[in-house]
Amino acid sequence: MAARAASGTPIIDAQGLMKSYDRQRDVLKGVDLSIAAGERVALIGSNGSGKSTLLRCLIGLHGISGGSLATMNQPLSARNHRAVQNSIRLKTGFIFQKHCLVRRRTVLSNVVHGFFGTPGSWRAHSHHLAPTAWRTRAMEALDDVRLADRALARADTLSGGQQQRVAIARALVRRPRLVIADEPAASLDPLSGKNVMDLFARLCADHGITLLFTSHDMDHALTYANRVVALKNGRILFDKASDKVSQDDLKDTFND
């Protein structure tokens, strides 16, 4: 039985969502998922379970093959209109396992890159070109992740944990409604990973941002999410409040 979502209009509402890349390979096989604004949801499952495909479908990167899907009240279909896709992406922040920073650019410029896709975004190539309002917001985001003092340092002079904090600042600088994070701490050592997840979860809560993240670290999934959704073979195996997830649930998720 699915965990009850927080009250309010769902920021994501998928019903019977299907995704096939060819007629022989069904990746998602009827996924029902509703996520309310402000929730923190961990998506778990073994490799090949459909996690990454589901994330891409939910934000319009991949068209769906069946069922219905609305993200931020905008319906997404097999042939998404580019304007709808862009609208959703402008309200979504992305954080990945790899930091995806421009290593030779300053930390501040990398955060300003978060404004790519907005009108006049050619000015987001460098903090020197960015409007004052963008630089101000980028510095505020760096202050949130406790790196304001490294704003003018090159990104490649930072540690792995610091680089991921820059990536978080870049994702949050546009003040998104939704943040999608794909294994955000997987490339970090355990202590740095914990520190990044502590910071990440707190900032999303402080700013009222809905968070959907994947993780193979079950401690992270259970600690930093309100809900845990397990995918297995393209279907939801369980959707529970994080404090209701048992060891048997986790064994069922990862055992073939």
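Modeller: A disulfide here is a pair of cysteine sulfur atoms within 2.5 Å. The model is predicted, and the structure holds zero disulfides by that cut-off.

Biologist: Is Cys204 buried or exposed?

Modeller: Cys204 counts as buried because its relative accessibility is 1%, under the 20% cut-off. Cys100 has 48%, so it counts as partly exposed.

Biologist: New topic. How many residues are in the largest nonpolar core?

Modeller: That core has 51 residues. Those with the most contacts inside it are Ile44, Val111, Leu142, Val145, Ile168, Phe200 and Phe213. Helix α6, residues 190–206, gives the largest share of this core, with seven residues.

Biologist: What does Ile168 touch?

Modeller: Leaving aside residues up to four places away in sequence, Ile168 touches Ile95, Val145, Val196, Phe200 and Leu203.

Biologist: On to helix α8. Which of its residues are buried?

Modeller: In α8, residues 247–254, the buried ones are Asp249, Leu250 and Thr253. They lie on the same side of α8, because they cover an arc of only 95° around the axis.

Biologist: What is exposed on the other side of α8?

Modeller: Gln247 and Asp248 are exposed there.

Biologist: What covers the buried residues of α8?

Modeller: The cover includes the strands β3 (40–44), β9 (227–232) and β10 (235–241), along with helix α7 (218–224).

Biologist: Zoom out. What does the secondary structure come to?

Modeller: Eight helices and ten strands.

Biologist: What about the radius of gyration?

Modeller: The protein has 18 Å. A compact globule with 256 residues would have a value near 18 Å, so the two agree. Along its principal axes, the C-alpha trace spans about 50 × 40 × 35 Å.

Biologist: What share of the residues counts as buried?

Modeller: Of the 256 residues, 49% count as buried. The accessible surface comes to about 12300 Å², and carbon and sulfur atoms hold 49% of that.

Biologist: Last one: what share of the contacts comes from residues 24 or more positions apart?

Modeller: Such residues account for 64% of the contacts with a separation of 6 or more.

Technical notes: Residues are numbered from 1 along each chain as its sequence is written. This is a predicted model: local features need pLDDT of at least 70, side-chain atom pairs count only at pLDDT 80 or more; totals for chains, interfaces and linings use all residues. Side-chain values use heavy atoms; hydrogens and water are left out. Buried means under 20% relative accessible area, exposed over 50%, partly exposed in between (1.4 Å probe, protein chains only). A nonpolar core is a set of buried Ala, Val, Leu, Ile, Met, Phe, Trp, Tyr and Cys residues joined through side-chain atoms within 4.5 Å. Helices (H or I, at least four residues) and strands (E, at least two) are DSSP runs, numbered from the N terminus. Contact means heavy atoms within 4.5 Å. The arc is that of the directions from the helix axis to the C-beta atoms. The radius of gyration is taken over C-alpha atoms; the globule rule is 2.2 Å times the number of residues to the power 0.38. Accessible areas come from the Shrake-Rupley method with a 1.4 Å probe; for residues, only the protein chains shown count as cover.
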